[in-house]
Amino acid sequence: MCKICTNRDFRGYSRIYGPNDVFNHRIRVRFAHGWGNHQGMKARIHITLKNGVLDPQGKATEHALSGLGFGGINDVRQGKYIELDLAESDPAKARASVEAMCAKLLANTVIENYEIDLDE
Amino acid sequence: MKAAVIVSPGSNCDRDVQVALRQSAGSDPIMHWHGDANLPDVDLIVVPGGFSYGDYLRAGALAAQSPVIREVVARANQGVPVLGICNGFQILTECGLLPGVLMRNAGLKFICRDVDLRVEATDTVFTRDYVNGQIIRIPVAHNEGNYFADDDTLNRLDGEDRVAFRYCSPEGAVTAADNPNGAARNIAGILNEGRNVLGMMPHPERLADAMLGGTDGRPMFDGLVEALATAA
């Protein structure tokens with residue numbers, strides 16, 4: 001069983017090709033029939049404050065930008081960005097699970113909205 | 001009275017609560033580690049202030065998922081009194097025992113000073129030794145104390161008399177000028193529906209001994225000990 005992608009055909013080695021590949025998450029794993037790409041996907045989550053919720057950080061940043069001479073900024077809203085590397089390879093299951101993570105922990109839905117992008 | 005103080009990595013007011021409870025109860029509370037879900041039978045649970053988990057993600061969000069907090073929620077639902085102070089209040093909102101959320105202070109600054117509070121509800125085990133409308137002076141020390149909830153929730157809290165403390169002037173006027181952090185309707189502390197859970201941003205344990213410069217926090221611990229000693 002592959003520890004990264006839950007593939008049961010995995011034979012006990014996994015290898016990461018090149019330093020950049022770490023960031024691309026193209027991890028090669030050894031299956032019974034040879035080497036293959038790690039199957040999984042990346043979830044990118046944007047968490048933003050709901051409309052109407054005051055964002056003092058955004059306001060202060062907007063003020064600082066104006067002070068630097070950047071004009072024409074109507075509003076600044078600050079949020080969070082979270083990346084998850086998932087073992088799941090079924091997009092529907094992955095989305096359902098990330099939805100649950102957002103609702104339960106990653107976002108506070110009293111004041112925050114979240115958007116999920118899945119990279120397969 | 002048997003009390004437990006929940007200790008998380010980053011709690012820093014746990015010992016202050018321990019001292020305040022010892023002073024009022026004459027015995028030491030159990031200091032209970034957050035990772036241990038086996039919470040003994042107690043008459044009172046205190047979730048103290050601090051920076052549990054370094055305030056990562058959101059203040060209180062990670063501690064709210066710790067094994068013991070699930071047990072604290074279950075006990076609270078059975079009627080056991082739970083007091084959350086500062087970071088404890090944030091944890092109680094994050095775990096769903098109390099409505100709303102504590103947002104970043106409107107002024108973006110960490111605030112550490114004494115504030116005046118008006119006692120708004122005295123029919124609870126926490127506030128029974130105060131007088132309704134009494135003005136007390138208690139320190140706050142927080143970066144996220146800006147209480148926020150939607151209007152429906154705020155109206156319900158007001159309608160059900162569940163606001164325990166409001167920030168006010170030394171004369172007791174609840175004004176924007178006396179609101180240190182931008183909290184909705186100057187809310188400093190709220191109760192759950194069953195009135196056995198209190199969350200508050202100010203620190204009563206920090207002014208519970210004359211040696212510390214004031215004793216306005218002491219009636220909370222004295223009242224809890226009286227109420228829970230007679231119950232047991």
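Trainee: Across which strands of chain A does helix H3 lie, and at about what angle does it run to E6(A)?

Mentor: The model is predicted, and the angle is computed from fitted axes, taken between N-to-C directions. Helix H3 of chain A covers residues 91–106. It lies across E4, E5 and E6 of chain A, and its angle to E6(A) is about 155 degrees.

Trainee: In what order do the strands of that open sheet stand?

Mentor: The sheet is open and has three strands, with antiparallel pairing. Its neighbouring strands are turned by 20 degrees against each other on average, direction ignored. Read across chain A, the order is E5-E4-E6.

Trainee: Why is one side of E5 and of E6 in chain A left without a neighbour in the sheet?

Mentor: Strand E5 spans residues 80–86 and strand E6 spans 112–119 of chain A. Both stand at the edges, so one side of each has no neighbour in the sheet. The reason is that each has a single partner strand.

Trainee: How many bridges join E4 to E6 in chain A?

Mentor: Strand E4 of chain A takes in residues 41–49 and runs antiparallel to E6(A). One of the facing pairs places Lys42(A) opposite Asp119(A) in E6(A). The number of bridges joining E4(A) to E6(A) is eight.

Trainee: In what sequence do the elements of chain A run from the N terminus on?

Mentor: Chain A has three helices and six strands. Of its 120 residues, 12% are buried. From the N terminus on, the elements run β-α-β-β-β-α-β-α-β.

Trainee: How many residues of chain B are in contact with chain A, and how many of those are nonpolar?

Mentor: On the chain A side, nine residues take part in the contact. Chain B contributes eleven residues. These divide into two charged, two polar and seven nonpolar.

Trainee: How many residues of strand E10 in chain B are buried?

Mentor: Buried here requires 20 or more other C-beta atoms within 10 Å of a residue's own. Strand E10 of chain B, residues 187–191, is mostly covered. The count of buried residues is five of five.

Trainee: Which residue in the turn between E10(B) and E11(B) has a positive phi?

Mentor: E10(B) pairs with strand E11 (residues 197–200) of chain B in the antiparallel sense over three bridges, and Ile190(B) stands opposite Gly199(B) in E11(B). The two strands form a hairpin with five residues between them. The turn residue with a positive phi, about 60 degrees, is Arg195(B).

Trainee: Which residue is the bridge partner of Arg166(B) in E10(B)?

Mentor: Strand E9 of chain B, residues 163–168, runs antiparallel to E10(B), joined by three bridges. In E10(B), the partner of Arg166(B) is Ile187(B).

How values were computed:
Residues numbered from 1 in each chain as written. Chains lettered and ligands numbered in written order. Predicted model: local features only at pLDDT ≥ 70, side-chain atom pairs only at ≥ 80, totals over all residues. Pairing = 2+ DSSP bridges. Helix = DSSP H or I, 4+ residues; strand = E, 2+ residues; numbered from the N terminus. Axes fitted to C-alpha atoms, helices over the stretch in contact; angles between N-to-C directions. Contact = placed C-beta atoms within 7 Å. Nonpolar A, V, L, I, M, F, W, Y, C, P; charged D, E, K, R; others polar.
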